[in-house]
Amino acid sequence: MTRGVPGEAEQPEPELVEVEVGGTALLKCGPSHSQGNFGHVDWFSVHKEKPTLIFRVHQGLGQSQPGEYQHRLSLQDKGTTLALAHITPHDERIFLCQGKRPQSQEHRIQLRVYKAPEEPSIQVNAVGISVNSQEPEEVATCVGRNGYPVPQVIWYKNGRPLKEEKNRVHIQSSQIVESSGLYTLQSVLKAQLVKEDKDAQFYCELNYRLPSGNHMKESKEVTVPVFYPAEKVWLEVEPVGMLKEGDRVEIRCLADGNPPPHFSISKQNLSTREMEEETTDDNGILVLEPAQKEHSGVYECHGLDLETTTSLQSDQQELLVNYVSDVRVRPAAPESQEGSSLTLTCEAESNQAIEFQWLREKTGKLLQKGPVLQLYNLKREEGGGYRCVASVPSVPGLNRTQLVNVAVFGSPWMTVKERKVWVKENTVLNLSCEASGHPRPTISWNVDGMASEQDQDPQSVLSILNVLVTPELLETGAECVASNSLGKNTTIIFLELDSNRTTGLSTSTVSPHAKANSTSTEKKLPEPESKGVVIVAVTVCILVLAVLGAVLYFFYKKGKLPCGRSGKQEITLPPSPKSEFVVEVKSDKLPEEMGLLQGSNGDKRAPGDQGEKYIDLRH
């Protein structure tokens, strides 16, 4: 019997082998053959029904035939399996093997090749689609690259698959074969959209198969611009809620069309009752900054569709800007005698109910709630600023204030009565003097220099004198005099020369109520040199006593001072009222400068004892 040409006879269905691109296909020459049947086998690839010898097995040894598979074929499993490496899409075909023995059957293998496509990309129509279009317009394009075989594409809108629908939905797909044999799929979705599709989410899905089963990949979701005419317009005000003077208020027009129409905003004229157009910015927004009570009124919006020339008008909306204004205090310039009473009344204008409070200006303390503040038995220190606060509880943050200064009649009051300044000779010095009173006092100096005044408040003044420190100024000091129609008062400044100090100001801490306006004289501070002399004097005195004690002890030991019962002698000392031995230490300094000799508890001696100090030596 003559052996037939491979592929001529009718053959059963070929064995199916599936493999991914880049993998290795294992081709077996039929499971029914015995081990001996594989000693002499020929392998063929069939392309366009034409078999081509690609591999030959002789006595269990394999040899590739020249051609496209020459370097990718090898034997495995002791010659029972032919391995084809580096699979490409071009390898998808039928392979067959045939033994060389008589009556040997050929075995056919169908090789299927797969490759997952890349993640699909989607490109939306950025120009947009008008709902007035008479035929489907392009919505988006989906592209799936480098897949094998060609994947299937499904389009979705809002999670629901789209199907072809005449004059409504059309899906047009095409593919390109790359040089690698892989496919690139491109699918275009066209649809006729309506206004409700303005927020619709579109995406595409690629379905493909691998040896492991069926798979799919989805693109991102996209929204296509949809153009539709406006049906109504309306006004919107920001911020929402109750408005007050000083706020930044925006009035804008809104419409349900895309693109929005051209907007204009009008306000009603209270006199003519006619609507008058307001000036808006480039976006058609009316900005009120800061908002004022005059901005209250009735507003409306107009919208003009430039494509259809349709004009729309919004409902009228009233805008209310709450306010507090014209806060005033009666009397406007209050003044009173010390010990008298004074009534302050606060008034204000507002479109809402007002609450009043009175605060002390310099402390912020709440004095009274209500429009009236009653001050009884006025004292000089109660003069100064009082603030009325008018607020609207129903509108948070809405308030206005008015400050009034209460003047209490009185002669000038000095902040400091006396103080001492440490200076260096021939240096320039600024001397300050502050006084208050009503009428407002004026300040003069008893020395020449450049003086300037600063108002601290309506009843107080601060004078600063720029002077050169001279011997004459050191001798006389400086005096400022504050005077008004009710009297005058002074501040005395003592100048002390100290070359060891840097020029500076040493001000006595004197309370205005206790010392600044009394006649007490401030004590001068002790000089550092006086303290040093006192310390030296005390040290010398102690040394003298020590030497005297040593001499007496020496004579006692030598027998020069007999102290026995039989030879008793007496040392006669100058008479003293208390029979005491006294060493006198005198100081030519002022009594105040002997502070180091005071007791540790800080008690001072009587004035008569501060000129001289005594140290008693008693047995």
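Two strands pair if DSSP finds at least two bridges between them. Helices (H or I, at least four residues) and strands (E, at least two) are DSSP runs, numbered from the N terminus. The model is predicted: local features need pLDDT of at least 70, side-chain atom pairs count only at pLDDT 80 or more, and totals for chains, interfaces and linings use all residues. Residues are numbered from 1 along each chain as its sequence is written, and side-chain values use heavy atoms, with hydrogens and water left out.

**View 1. Strands E30, E32 and E35 form an open sheet.** The order of the 3 strands is E30-E32-E35, and the pairing is antiparallel. E30 and strand E35 (372–375) are at the edges with a single partner strand each, so one side of each has no neighbour in the sheet. E30 and E32 run antiparallel and are joined by 5 bridges. Opposite arginine 328 stands glutamate 347 in E32.

**View 2. Arginine 328 and glutamate 349 meet in a salt bridge.** A salt bridge is a side-chain nitrogen of Lys or Arg within 4 Å of a carboxyl oxygen of Asp or Glu. Here the N to O distance is 3.3 Å. Arginine 328 belongs to strand E30 (residues 324–330) and glutamate 349 to strand E32 (residues 342–350), so the pair ties together parts 21 residues apart in sequence. Relative accessibility is 34% for arginine 328, which counts as partly exposed, and 36% for glutamate 349, also partly exposed. The cut-offs are under 20% relative accessible area for buried and over 50% for exposed, with partly exposed in between (1.4 Å probe, protein chains only).

**View 3. Glutamate 250 forms a salt bridge with arginine 252.** The closest N and O atoms of this pair are 2.9 Å apart. Glutamate 250 counts as buried at 16% relative accessibility, and arginine 252 counts as buried at 17%.

**View 4. A salt bridge joins glutamate 231 and lysine 195.** The N to O distance between these side chains is 4.0 Å. The pair links distant parts of the chain, 36 residues apart. Glutamate 231 is in the loop between strand E19 (226–227) and strand E20 (233–238), and lysine 195 is in the loop between strand E16 (183–191) and strand E17 (202–210). Glutamate 231 is exposed, at 59% relative accessibility, whereas lysine 195 is partly exposed, at 24%.

**View 5. Strand E13 pairs with E17 and with E14.** Strand E13 (residues 152–157) is antiparallel to E17 over 6 bridges. Isoleucine 154 stands opposite glutamate 205 in E17. E13 also pairs in the antiparallel sense with strand E14 (residues 160–161), over 2 bridges. Tyrosine 156 has proline 161 in E14 as its bridge partner. The hairpin formed by E13 and E14 has 2 residues between the strands, and asparagine 158 in the turn has a positive phi of about 55°.

**View 6. The whole protein chain has 3 helices and 48 strands.** Of the 619 residues in the protein chain, 37% are buried. A search of the whole structure finds 22 salt bridges.
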